[in-house]
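Student: I have a model to go through with you. Can we test each label against its cut-off?

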Amino acid sequence: MVRVGLLTAFIAAAWLGQLVREGLAQTRPSVSASERAKAPAPKASAPRKEAGAAVSPYTAGLVTGPPQSTEFAITQDIATTLATGQETGPRGEVALRVLPMVGNGGIRNILDVLTLAGADMAIAPVVLVDRLRETRTIPDIQNKLVYITPLFIEEFHLLARSEIRSLADLEGKTVNLGEEGSAAALLGREVLNRLEVKISELNLGLDAALDGMRKGQIFASLLVSGKPVNALARTAQMDGIHLLPIPYSRALQQDYLPSTFRREDYPNIVGTDESVDTIKRHRRSQAIGGAGVRWRSA
């Protein structure tokens, strides 16, 4: 049974849940030691929202992933669609205006919703919210967040230099797992630990990691995002970078499902009639909304 998913979903502070639903209704149709994979140590008190008046009661800040991510592209689409698809008032005002806020797509996004003034919603993997709940990092988190809707599944994109042909080739090599606290960093450690591949871990953004790979300083870099990622679709084979297969093994079956990259996903990386095996996390239960509703996993 798949225990937890990497199904990316909207989350929001509980007090915002009803406002969001009303607003949307007005729109038109290395591995490091295993302890490092855990969420930060529990805090003595619950996080508090920073003071700050909202620009408008119908303006919502949406924390997304880095600029290269699918999450960022979707947030831009959401903001644009809502701005153009609603009836306007006498002064051009709209029922709900979404303001994109760049995040790292990981635990930081979740904490921003709870603590940062102006951050009302976030796109984040459900598994990271569950990690905070399980470790009790944030007391009573189930009453502080509300699910709005599920969005998409995220795949593991493991980019590697041309001389790296398998996971075994990464043994002892320098590998970037993404920014600290991101889904890639947390889940990448978990997966490589299960597969018993020991690496020297770096925590860089995608652009810096790709530059390091081209210079021969980094041998691989992990990105966890929904396919196709626009930034990767523009990465050509001539850069000497390819998608490294992640075989689906028994060690991954409890929490992961197999997936595949094909030429239509990344025509500049995957050759004609070729495919690259990878993995994804999947949550079968529906997104949950409303403060006080009990959390559940598939």
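Tutor: Start with a contact, meaning heavy atoms within 4.5 Å. Val 127, Leu 128 and Arg 131 of helix 4 meet Ala 183, Leu 186, Leu 187 and Glu 190 of helix 5. The model is predicted: local features need pLDDT of at least 70, side-chain atom pairs count only at pLDDT 80 or more, and totals for chains, interfaces and linings use all residues. Residues are numbered from 1 along each chain as its sequence is written, and side-chain values use heavy atoms, with hydrogens and water left out.

Student: Why are helix 4 and helix 5 called roughly perpendicular?

Tutor: Their packing angle is about 75°, and their axes are 10 Å apart. Axes are lines fitted to C-alpha atoms, for helices over the stretch in contact, and angles run from 0 to 180 degrees between N-to-C directions. Under 35 degrees is roughly parallel, over 145 roughly antiparallel, 65 to 115 roughly perpendicular, the rest oblique. Helix 4 and helix 5 are therefore roughly perpendicular.

Student: How do you know that the length of helix 5 agrees with what it should span?

Tutor: The expected span is 1.5 Å times one less than the number of residues. For the 12 residues of helix 5 that gives 16 Å, and the end C-alpha atoms are 16 Å apart, so the two agree.

Student: What makes helix 5 mostly covered?

Tutor: Of its 12 residues, 10 are buried. Buried means under 20% relative accessible area, exposed over 50%, partly exposed in between (1.4 Å probe, protein chains only). Among the buried ones are Gly 188, Arg 189 and Glu 190.

Student: Why does Thr 260 count as buried?

Tutor: Its relative accessibility is 19%, so Thr 260 falls on the buried side. Thr 260 sits in strand 11 (residues 257-262). Leaving out residues up to four places away in sequence, Thr 260 touches Lys 227, Asp 265, Ser 275, Val 276, Asp 277 and Thr 278.

Student: What is the omega of the peptide bond between Lys 227 and Pro 228?

Tutor: About -5°, a cis bond. Most residues other than glycine have a negative phi, and most peptide bonds are trans.

Student: Where is Glu 196, and why is it called exposed?

Tutor: Glu 196 is in the loop between helix 5 and strand 8 (200-202). At 68% relative accessibility, Glu 196 therefore counts as exposed. Its phi is near 60°, a positive value in a residue other than glycine.

Student: How do you know that Asp 273 is exposed?

Tutor: Its relative accessibility is 79%, so Asp 273 is exposed. Its phi is also positive, near 65°. Asp 273 lies in the loop between strand 11 and strand 12 (275-280).

Notes: Helices (H or I, at least four residues) and strands (E, at least two) are DSSP runs, numbered from the N terminus.
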